[in-house]
Amino acid sequence: SALRSPAATAAERAAERAPPTLGATGAMNRQQQERTCAAVLKKVLVSGVVDPESRIRRLILGYLLCGHLDRLLEKQETLRCLSMATHDEQPIIRQAAVAIVGRLCHLNPAHGLPMLRTRLLQLMTDMEHSSCSDQREEAARLLGAMSANAAHLLRPYAASIFATMLPCVADRSAAVSAAVLRALGHLAAAGDHAVLAFAPRMLPPIVEALRDPASVARRHAALA
């Protein structure tokens, strides 16, 4: 752990800060340089996703979350690896992985969207049928991360997502309700006409959340 953490950070920063492409007489052209950086980053990502220490996994996914290396992460192999991280045992790692995959779908929709759709269906099922409030909250948070980073790509599913999540605004758990409100807010920003149909049903629970004296989280989420 003492060596893996700084090694992973150094490799990611090296990929991000790769020197400018050398001229025609140089040892590398631009394509070779990018392939080299992508190969290094792939090894770091693969090692990080399966690392036994959550701190290392969190470090690597957290660094990729900033978006500096997206151009090197859009390949099918790295997307598949990131898809594995969306099932990590740590909620913060799952949320980071979902956000990264959602963002990369804009660069490689052919391989990213099927993964996104599969995860979307799983999360909607959890929201609708899970009897565990922690699982419903986690599903809402992941749907929020997905909506914040791939809202435009989720437009075809906006009506289904709203139909599934809207009843959960009144969830008996304030944490679930707040997470659902935030997710719906992200989706509403890009839902267009699909969202307008749900506006009359959305406003009453939002107003109710704003008036909730028992939950600051719900009031803040409703305002957002």
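Reader: Does aspartate 212 count as buried or exposed, and what makes it so?

Author: This is a predicted model, so the answer comes from computed values. The relative accessible area of aspartate 212 is 15%. Buried means under 20%, so aspartate 212 counts as buried.

Reader: What makes the link between arginine 218 and aspartate 212 a salt bridge?

Author: Look at the closest N and O atoms of the two residues: they are 3.0 Å apart. The cut-off is within 4 Å, so arginine 218 and aspartate 212 qualify as a salt bridge. Arginine 218 is buried as well, with a relative accessible area of 10%.

Reader: How many salt bridges turn up in the whole structure?

Author: A search of the whole structure gives 7. One of them joins arginine 57 to aspartate 88, where the closest N and O atoms are 2.6 Å apart.

Reader: Which parts of the chain does the pair of arginine 57 and aspartate 88 tie together?

Author: Arginine 57 lies in helix H3 (residues 54-64), while aspartate 88 lies in the loop between helix H5 (76-85) and H6. Those parts are 31 residues apart in sequence, so the pair ties them together.

Reader: Are arginine 57 and aspartate 88 buried or exposed?

Author: Arginine 57 has 5% relative accessibility and aspartate 88 has 9%. Each value is under 20%, so arginine 57 counts as buried, and so does aspartate 88.

Reader: What does glutamate 89 pair with?

Author: Glutamate 89 forms a salt bridge with arginine 57, and the closest N and O atoms are 3.5 Å apart. This pair links distant parts of the chain too, with glutamate 89 in the loop between H5 and H6 and arginine 57 in helix H3, 32 residues apart. As for accessibility, glutamate 89 comes in at 60%. That is over 50%, so glutamate 89 counts as exposed.

Reader: Which residues do salt bridges with shared partners join into one network?

Author: Arg57, Asp88 and Glu89.

Reader: How many disulfides does a search find?

Author: The search of the whole structure finds 0.

Reader: And are cysteine 66 and cysteine 132 buried, exposed or partly exposed?

Author: Cysteine 66 has a relative accessible area of 42%, and cysteine 132 has 33%.

Reader: How do you know where empty space is left inside a protein?

Author: You roll a probe the size of a water molecule over the atoms, and that shows where empty space is left. Here the count is 1 cavity of 30 Å³ or more. About 60 Å³ of space lies in the largest cavity, a value over that cut-off.

Reader: Which helices each supply at least two residues of the lining of the largest cavity?

Author: Helix H6 (91-104) and helix H7 (109-129) do, and H7 gives the most, with 3 residues. The lining includes Ser83, Val98, Met115 and Arg119. By class, it has 5 nonpolar, 2 polar and 1 charged residues.

Reader: What does the whole protein look like in terms of helices and strands?

Author: It has 13 helices and 0 strands. Of its 224 residues, 45% count as buried. Among contacts between residues at least 6 apart in sequence, 67% join residues at least 24 apart.

Conventions: Residues are numbered from 1 along each chain as its sequence is written. This is a predicted model: local features need pLDDT of at least 70, side-chain atom pairs count only at pLDDT 80 or more; totals for chains, interfaces and linings use all residues. Side-chain values use heavy atoms; hydrogens and water are left out. On a 1 Å grid over the protein atoms alone, a cavity is a set of points where a 1.4 Å probe fits but cannot get out, and a pocket is an open set with protein on both sides within 12 Å along at least five of seven lines; lining residues have an atom within 4 Å of a point. Grid points are joined across faces, edges and corners, and a volume is the space filled by probe spheres set on the points. Helices (H or I, at least four residues) and strands (E, at least two) are DSSP runs, numbered from the N terminus. Ala, Val, Leu, Ile, Met, Phe, Trp, Tyr, Cys and Pro count as nonpolar, Asp, Glu, Lys and Arg as charged, and the others, Gly among them, as polar. A disulfide is a pair of cysteine sulfur atoms within 2.5 Å. Buried means under 20% relative accessible area, exposed over 50%, partly exposed in between (1.4 Å probe, protein chains only). A salt bridge is a side-chain nitrogen of Lys or Arg within 4 Å of a carboxyl oxygen of Asp or Glu. Contact means heavy atoms within 4.5 Å.
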